Each structure stands twice: as C-alpha cells, then as structure tokens.
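Please open the model in your viewer and keep the selection panel at hand, as this tour goes from one selection to the next.

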Amino acid sequence: MAGSVLQAHDLWGGYPGNEVIRGIDLTITAGDAPLGIIGPSGVGKTTLARLLRGSMRPTRGQVTYEGRTVSRLPRKNKKDFTAAVRFQSQDSLTITDPRLTVAGNLKTAVKEARKAGRTHATSTAELLDAVALPEHFASRVMLTLSGGERQRVALATALATRPEILVLDEPFTAVDPQSRGDMARRIGALLEQLGTAAVIITHDLELVERMCPSVHFLADGQFVASGAIGEVLARAEHPAVREIAAAAPLAVQRFR
Ligand SMILES: Nc1ncnc2c1ncn2[C@@H]1O[C@H](COP(=O)(O)OP(=O)(O)OP(=O)(O)O)[C@@H](O)[C@H]1O
C-alpha cells in the first residue's frame, strides 16, 4: 500500500454562520517527513482535522484519499482509509479495551496492523521507549493510568498500527513540558523507522520546530505562510506568524 496520498483540494468548511476553513490545498504522501500545521487557539486546526478525516463534510472543495472523495468512500475503501490514515486527537485515546494491560493494548494494535498487511517488528519495549515510558508500564492496566500516561500509550498504540499517515491533533497536551522535547525526538525517530508520514497539528511552535522540517501556518481559514520553519519565521510576514513566534522566543532563537 506504499505511496498512499491524502489530499485537500480548495477545502472549505465549518459551522453554521462560521466558515472556519476557507480554501486549503494540502498533499500528504506516505513516507513524507513530518509536516507541521500551526495556528493560534480557535483558528480552526481541529476543524481541519475533522474535514481531513471525513467526519465533517466540506461546504466546498474536497478531501481525497487515493483519488477518491473521503466523505463518500464505499465501505471497503473506508476500511482501508481508516487503517492507513490514522487520526489521533488530544482526547481520543485509541484504547481498544480499558481493562487490558498496556502490553495487551499495544499487541492488539500490532495485530490489527498485520491483518491490514502492514507488518513490522517493533516490540512493546520500543513502542514504550518512543513515548518515554519505562518498560514496567507494559504490565499496567489501562484503567489505572494517569491522563498523561494514557496519552502516551495512546500515541504508542497509534504508532503500533503503523499507519501510512498519522495525523496528530495536539498530541502532547497532557504531557509535561519538560518531557515534550524528548518525546518529540523519540517519536520522530520511530516515525522514520516505520516509514509513517505524520501531520502534527498544534499551537506549539517548539513541538513543530523539533519534529517538522516544514510547516503551514493557519490563519483566517487559510495557510498564510508555508515552507521550512526557519525561513517562515525569518520572514514573519503575517501577524499570526509573528504572534506565534512571540510566544516561543527560545524556539525562534534556535533558528538565528
Ligand atoms: N461544534 C462546533 N459548533 C460551532 N462552532 C464550533 C464547533 N467546534 C468549533 N467551533 C468554532 O470554530 C472555530 C475553530 O475551532 P477549532 O476547534 O477548529 O479551533 P482550534 O484551532 O483547534 O482551537 P484550539 O487550539 O483552541 O483547540 C472556533 O471559533 C470554535 O469556537
């Protein structure tokens, strides 16, 4: 299934009286390096994720997967789509069964990937390491984990399914800021090993700076600046870019 492509073509969508997304074009291909989509709170990042996932219908334009319109996929193609393109939001925990242990949960996800023909040799220990959890967490029951620990296991579970494309909407909100950099590095390495393309949707410039060679800035319903993050920050033509840059001076400094 190598080479899956998810595309948005002049995508518009939102809520009654509030057209949040207004003309977005985007192409994500399996194997791509992580792409960051960054914008301030309330700008429409989650709405864009919903549109890409097909859980919300566009008012204009379309999202396609392998050339087919996502919101109208026949059942068989829909199954392929949900297996190959995985969406992980801050509150979706991708936990197959809360009574399972962490290892049981991860193994179920690996089996799911195998069934879909995406085998990989990533062990439970490697998956836990990618989200900076010690190996003894393997025997913990999902229900007993803290919010931050669950979010880490949810990420490890999403990785265990080895999707072609993984869309992460604010993936580290429940992870303490000190651990985010380390997790970003580890997850980045595993994404590369698995050949999974990732889209990181966030307001956190530091996270994008650590994980994504290229970025789109979302403002006014559109991508107002795109490219290598250092160059976009150096130009800082749009007020939204300047606003985000001002909130993360250390990240900006690293590009000087
Ligand atoms: N179900 C809904 N019905 C009506 N308006 C909504 C709904 N969900 C979101 N909105 C509005 O659409 C706009 C974009 O919301 P969205 O959640 O996509 O922003 P966001 O960039 O993800 O924000 P945050 O970073 O705070 O999570 C906001 O003004 C929000 O209030």
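In which sense do strand β3 and strand β9 pair, and over how many bridges? Select residues 35-38 for β3 and residues 214-219 for β9: the two strands pair in the parallel sense over four bridges, where pairing requires that DSSP finds at least two bridges between two strands. Strands here are DSSP runs of E with at least two residues, and helices are runs of H or I with at least four, numbered from the N terminus. Within this pair, G36 has V215 of β9 as its bridge partner.

This is a predicted model, in which local features need pLDDT of at least 70 and side-chain atom pairs count only at pLDDT 80 or more, while totals for chains, interfaces and linings use all residues. Residues are numbered from 1 along each chain as its sequence is written.

Now select residues 102-115, helix α3, together with residues 147-160, helix α5: their axes come within 8 Å and cross at roughly 25°, axes being lines fitted to C-alpha atoms, for helices over the stretch in contact, with angles from 0 to 180 degrees between N-to-C directions. The two helices α3 and α5 are therefore roughly parallel to each other, a term for angles under 35 degrees.

Key. Parallel < 35°, antiparallel > 145°, perpendicular 65-115°, else oblique.
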